[in-house]
Amino acid sequence: MSVENTQAKCPVVEFDYLQGGCPVNSGFERMTELAKLGPVVEAESHHGLPGFLIATNTESLTEAFQDPQRFSSHSVIAIEPDPEYLMIPVQLDPPIHSAWRKNLAPFFTPARVREYEEGIRARCIALIDAIEGKDTVDFTEEFAVPFPNYVFMEILGLPEEKFDQFMVWENTIMHATTENDPDRSRARQAMVEVATYFGEVIASRRADPSLRSNDLISAALEWAIDGEPAKDEDLQNLCMFLFIAGLDTVAAQLAAIFHHLASHPENRSRIIDDPEIIPHAIEEMLRAFPNVATARKVVADTEFAGIQVKAGQMILLPTSAAGRDPNVFDNPDVVDFDRDVIRHLTFGAGAHRCVGSHLARLELKVALEEWHKRFPQYSLEEPDAITEHGGGAQTGIDKLRLTLAK
Ligand code: HEM
């Protein structure tokens, strides 16, 4: 599988960043195999895409996450070292990053997130009501994707009548496949349309203060960044990133969790019998099913995890390598709700650690509580037909259909 690369002094591997149609959870097995080769491996150029390094354990991931002076966020997509876009705040390095983060963080504190709970629960129950009475459900389409979409639109103060349009954009962008969008032109067009829409919302609220309310976009119009008013173009980039960061992550996490619970009734009955364990069970399932793989760009030639790396090289940071790290967790592939301390890197680490982590945890908690009140018994409709998209950036189950017991 690997040969020694004498220059980088780390194993070189084949790694398909855009891999699709793989068996569920095979991405975790692949990462476990890579970790056996060393704390960092080199993925050679594949299908014409640039090569990159991959951090494969908690230690090497943490080293990259914690040191923005050596490992820049200028690009967070391993195969795009010189992006033409700017996702705010995730692609900003200090000190400008802190200015954005200071403004954004108050919208996502535990206290602020608790204020959203009632609305989030009502949305969740409405989606469940619509599923009631069915024998089978497309969990992805009917629950996992629309649920965070509603929450996102509410926090940004976007009108309800735009919901269906957002669902179309979300599906076109996030679920493009070689069959439905071979050159990704539909996904790119949808990105342009979302960006244009955000641009229009920002411009109209800027022009007419009566359109402003208690939401994130309205507040952001007043933000100062480094003593200067935030520019509309930057606010548009912020909205675009929140759209990318807040929707598919939660949807993918929900699908992974419900896939596990559908196929592990012993864990599901613990949740049904004792809903108090849900927050702890969520931490364990966040550890076991991380789906984000971000990246960093090496600023100057340096040593990383014991090997020499060069300025400009990209390092893929798959958070699954930490969640499944056998040096940190006993039996990492086993989901064990009785595990004591669960310190995972599923939300990243360091300055860019997920600002939406409290919101994400609340969405998962409400979903698990409300779903199991209504549908305690369910199973996978066609277990062998379920696939995942692997590779980089964001992994996840393609489509999850569940059979609901009466
Ligand atoms: C289970 C769901 C989620 C997971 C697994 C997740 C994971 C992550 C990870 C790993 C990062 C670090 C990226 C990096 O260092 O390059 C991150 C950053 C971020 N996430 Fe999340 N996220 C989730 C949900 C959310 C939600 C619901 C929001 C809110 C809308 C959100 C907003 C953000 C933002 C704004 C950042 C950038 C923070 C910064 O650059 O300072 N995320 N997320």
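Reply: With a relative accessible area of 23%, Asn25 counts as partly exposed (buried means under 20%, exposed over 50%, and partly exposed in between, using a 1.4 Å probe and protein chains only). Before going on, bear in mind that this is a predicted model, where local features need pLDDT of at least 70 and side-chain atom pairs count only at pLDDT 80 or more, while totals for chains, interfaces and linings use all residues. Residues are numbered from 1 along each chain as its sequence is written, and side-chain values use heavy atoms, with hydrogens and water left out.

Asn25 sits in the loop between strand S3 (22-23) and H1 (helices are DSSP runs of H or I with at least four residues, strands are runs of E with at least two, and both are numbered from the N terminus). Its backbone is worth a look: phi of Asn25 is near 70°, which is positive although the residue is not glycine. Most residues other than glycine have a negative phi, and most peptide bonds are trans. Asn331 also has a positive phi, near 40°. That residue lies in the loop between helix H13 (320-323) and H14, and it is exposed, with a relative accessible area of 56%.

Now step into the helix. H1 covers residues 26-37, and at 1.5 Å a residue its twelve residues should span 16 Å; the end C-alpha atoms are 18 Å apart, which agrees (the expected span is 1.5 Å times one less than the number of residues). Which residues of H1 are buried? They are Ser26, Phe28, Arg30, Met31 and Leu34. An α-helix has 3.6 residues a turn, so residues three or four places apart point the same way.

Rolling a probe the size of a water molecule over the atoms shows where empty space is left. Four cavities of 30 Å³ or more turn up in this structure (a cavity is a set of points, on a 1 Å grid over the protein atoms alone, where a 1.4 Å probe fits but cannot get out, and lining residues have an atom within 4 Å of a point). The largest cavity holds about 250 Å³ of space (grid points are joined across faces, edges and corners, and the volume is the space filled by probe spheres set on them). It has 23 lining residues, and those nearest its centre are Gly27, Phe28, Pro290, Asn291 and Thr395. Two or more lining residues come from each of H1, H10, strand S10 (292-298) and strand S17 (396-397). H1 has the largest share, at four residues. Sorted by type, the lining has twelve nonpolar, nine polar and two charged residues (Ala, Val, Leu, Ile, Met, Phe, Trp, Tyr, Cys and Pro count as nonpolar, Asp, Glu, Lys and Arg as charged, and the others, Gly among them, as polar).

The second largest cavity has about 90 Å³ of space. Its lining includes Thr140, His175, Asp248, His389 and Asp398. Helix H5 (139-144), H10 and S17 each give two or more residues to that lining, and the largest share, four residues, comes from H10.

Finish at Trp371, in helix H14 (residues 357-374). At 0% relative accessibility, Trp371 counts as buried. Leaving aside neighbours within four places in sequence, its contacts include Ile128, Phe143, Phe258, Tyr378 and Leu404 (contact means heavy atoms within 4.5 Å). With neighbours set aside in that way, Phe143 is in contact with residues including Cys124, Leu127, Leu254 and Trp371.

Notes
On a 1 Å grid over the protein atoms alone, a cavity is a set of points where a 1.4 Å probe fits but cannot get out, and a pocket is an open set with protein on both sides within 12 Å along at least five of seven lines; lining residues have an atom within 4 Å of a point.
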